[in-house]
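The following briefing concerns a single protein model and is arranged by topic. Please consult the sequence and coordinates shown here alongside the points below.

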Amino acid sequence: MVKVVITKENDEKEVLIDVGEEISLTPIFFPATASDTTVTWTSSNEDIATVNKDGEVVGVSGGVAVIECKTYDGGYNAFCIVTVYEEVSRIKIVPEQYKL
């Protein structure tokens with residue numbers, strides 16, 4: 001049996017990044033002597049954050065995406081919630097739409 005968890009720094013299960021920022025996620029296998037450490041990485045929303053075959057995540061646009069790491073051996077998985085912040089360049093308030 002092989003189980004997997006994802007770690008960034010300090011075993012974070014949620015990370016905050018900016019648009020264009022890149023982070024690396026690392027799978028940790030239990031037991032550490034697992035013979036097959038092959039994994040696949042997926043993003044729940046590639047419009048928000050993408051992930052490549054090496055666990056490198058890039059923020060694409062503001063929002064939340066769940067990054068999943070799944071083992072080939074046994075089908076175990078782990079998740080990391082990635083919140084991507086997008087800089088706001090301007091805010092438009094239309095007074096007719098609000099009542100004070």
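Isoleucine 93 counts as exposed because its relative accessibility of 63% lies above the 50% cut-off for that class. The model under discussion is predicted. Isoleucine 93 is located in the segment that follows β9.

**Nonpolar surface patch**

- Ile93 belongs to a nonpolar patch on the surface, which it forms with Val88 and Ile91.
- Together, Val88, Ile91 and Ile93 have about 360 Å² of accessible area.

**Sheet architecture**

- Four strands make up an open sheet in the order β2-β9-β8-β5, and their pairing is mixed.
- From one strand to the next, the twist averages 25°.

**Pairing of β2 with β9**

- Strand β9 spans residues 77-85 and pairs with β2 in the parallel sense, over 5 bridges.
- Aspartate 18 has tyrosine 85, in β9, as its bridge partner.

**Serine 24**

- Serine 24 is part of strand β3, which covers residues 22-24.
- Is serine 24 buried, partly exposed or exposed? Serine 24 is partly exposed, because its relative accessible area is 41%, and this class lies between the limits of 20% and 50%.
- Serine 24 and glutamate 56 are 32 residues apart along the chain, while their C-alpha atoms are separated by 4.4 Å.

Notes
Residues are numbered from 1 along each chain as its sequence is written. This is a predicted model: local features need pLDDT of at least 70, side-chain atom pairs count only at pLDDT 80 or more; totals for chains, interfaces and linings use all residues. Side-chain values use heavy atoms; hydrogens and water are left out. Helices (H or I, at least four residues) and strands (E, at least two) are DSSP runs, numbered from the N terminus. Buried means under 20% relative accessible area, exposed over 50%, partly exposed in between (1.4 Å probe, protein chains only). Two strands pair if DSSP finds at least two bridges between them. Axes are lines fitted to C-alpha atoms, for helices over the stretch in contact, and angles run from 0 to 180 degrees between N-to-C directions. Patches are made of residues with over 30% relative accessible area and no salt bridge: like charges are joined within 9 Å, nonpolar side chains (Val, Leu, Ile, Met, Phe, Trp, Tyr) within 5 Å. Accessible areas come from the Shrake-Rupley method with a 1.4 Å probe; for residues, only the protein chains shown count as cover. A salt bridge is a side-chain nitrogen of Lys or Arg within 4 Å of a carboxyl oxygen of Asp or Glu.
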